[in-house]
Amino acid sequence: MPGVIMFKAFDEKTDKFLFVLVLPFLLFFMSYYGFESSYVVGIKSWQKAPDFMFSSVYAYRVIPNYLSVHVTEAVIFIVDHYLPSSKNFLLKQGSFFYHSIFLINVFFFLLTSVFLDKILKLKPVKLLSDENTKKMLHLIAVFFIVIVQYVPTNCDCIAIFFYVLGIFYTLKYLQNKKRLYLISLGLITFISTFTRETSCLTIAFFAAVFIDLEDLRKRNFVFVKEIFFLVLAFVLPYIGLRLMIRQHASFVEGVYFMKNFTSPYNLIGLLFGVLSMYFSYKMSQKVGRLLIWKYLFFSAPYILMIASVGLFWEARLFLPLILTGIVAVSQNGTERIKEEENSSTYQL
């Protein structure tokens with residue numbers, strides 16, 4: 001009997017390793033080296049991080065920019081000194097800069113996969129009590145991340161990792177209200193702002209989870225201090241970067257509002273984003289649907305920014321919203337916390 005239990009435990013760990021790490025890695029590898037979009041063709045020819053990354057709106061994405069520089073240098077050094085015979089083969093598949101982007105992105109993508117697995121185990125709805133259903137939802141989330149890699153960048157996978165990590169700590173804080181989780185969440189928001197401005201969506205998710213309409217009617221604003229702490233964690237590095245990195249470039253790359261609603265490609269991208277959220281909404285229970293509505297409300301500034309200065313065709317911009325919808329499908333945490341609070345009140 002002990003041998004059977006040990007074998008079962010080993011089998012479960014092996015399955016988890018294959019499903020959470022190996023399969024996502026293979027999918028990601030295929031997207032970078034098996035398929036080519038017009039975006040990929042250009043990036044594959046770049047020998048190093050382009051100058052515009054440090055002299056335009058991209059200059060504020062400090063972490064991915066400097067990672068791109070140093071990882072590219074490390075790849076070149078390793079190939080030149082330890083793998084010279086592989087140099088010609090690697091260069092046929094893309095520049096060293098392109099390979100470094102893949103290495104950076106796949107590393108943070110796999111970390112994202114790990115934390116998605118953890119999130120799906122945090123007080124899941126009854127539907128996800130079945131392990132196979134949980135795996136399918138995890139696989140759907142992974143597929144969405146991989147699909148939008150037809151527009152590879154040096155910052156999106158890092159930003160998504162920090163966002164998913166922020167979701168994880170928000171739900172952990174919802175479970176037991178440990179200050180350590182709130183402080184960790186503030187630190188995640190602070191650091192991720194050096195990656196991309198989408199770190200503000202962590203605040204939107206936190207607000208969607210903790211702001212309750214019933215509490216507002218009762219003028220219970222206990223959550224205000226917590227949200228203010230997170231806002232401060234975002235605003236300080238955001239303003240600091242603008243003061244430290246002074247440049248004449250605009251804060252945005254361009255204004256594409258009219259193009260987004262007239263180009264068939266951009267309209268298809270918008271339809272992809274809308275249907276993806278609708279898919280999550282239909283699968284969610286009552287608590288999850290309310291969470292999605294509140295999240296869309298608090299993330300409205302981000303959605304308006306996508307419409308104004310982003311391109312709908314670059315569906316990667318919808319990814320935080322899509323992943324939030326998938327999390328909403330899985331979680332029943334808010335309802336259970338309230339049940340626990342009500343039961344403890346009656347006991348008193």
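Which helices each supply at least two residues of the nonpolar patch? They are helix 8 (179-192) and helix 11 (224-244). Helices here are DSSP runs (H or I, at least four residues), numbered from the N terminus. This is a predicted model, where local features need pLDDT of at least 70, side-chain atom pairs count only at pLDDT 80 or more, and totals for chains, interfaces and linings use all residues. Residues are numbered from 1 along each chain as its sequence is written, and side-chain values use heavy atoms, leaving out hydrogens and water.

Start with the patch. Its members are Leu187, Phe190, Ile191, Phe228, Leu232 and Leu236. Together they have about 560 Å² of accessible area on the surface. Such areas come from the Shrake-Rupley method with a 1.4 Å probe, and for residues only the protein chains shown count as cover. Phe228 sits in helix 11. Phe228 is exposed, because its relative accessible area is 54%. The cut-offs are simple: buried is under 20% relative accessible area, exposed is over 50%, and partly exposed is in between (1.4 Å probe, protein chains only).

Next, look at a loop. Lys177 lies between helix 7 (156-176) and helix 8. Lys177 is partly exposed, with a relative accessible area of 39%. Its phi is near 55°, a positive value in a residue other than glycine.

Another loop joins the tour. Gly94 is found between helix 4 (87-93) and helix 5 (96-119). Is Gly94 buried or exposed? Gly94 counts as buried, because its relative accessibility is 6%. Leaving aside neighbours within four places in sequence, Gly94 is in contact with Lys44 and His99. Contact means heavy atoms within 4.5 Å. Trp46 is 48 residues from Gly94 along the chain, yet their C-alpha atoms are separated by 8.7 Å.

Now go inside. Helix 16 covers residues 319-330, twelve in number. From first C-alpha to last, helix 16 reaches 17 Å, close to the 16 Å expected at 1.5 Å a residue. The expected span is 1.5 Å times one less than the number of residues. Helix 16 is mostly covered, and twelve of its twelve residues are buried. Among them are Pro320, Leu321, Leu323 and Thr324.

Tyr295 touches three of these residues by name: Pro320, Leu321 and Thr324 are in its list, along with others including Tyr163 and Phe205. That list does not count residues up to four places away in sequence.

Technical notes:
Patch = residues over 30% accessible without salt bridge, like charges linked within 9 Å, V, L, I, M, F, W, Y side chains within 5 Å. Salt bridge = Lys/Arg side-chain N within 4 Å of Asp/Glu carboxyl O.
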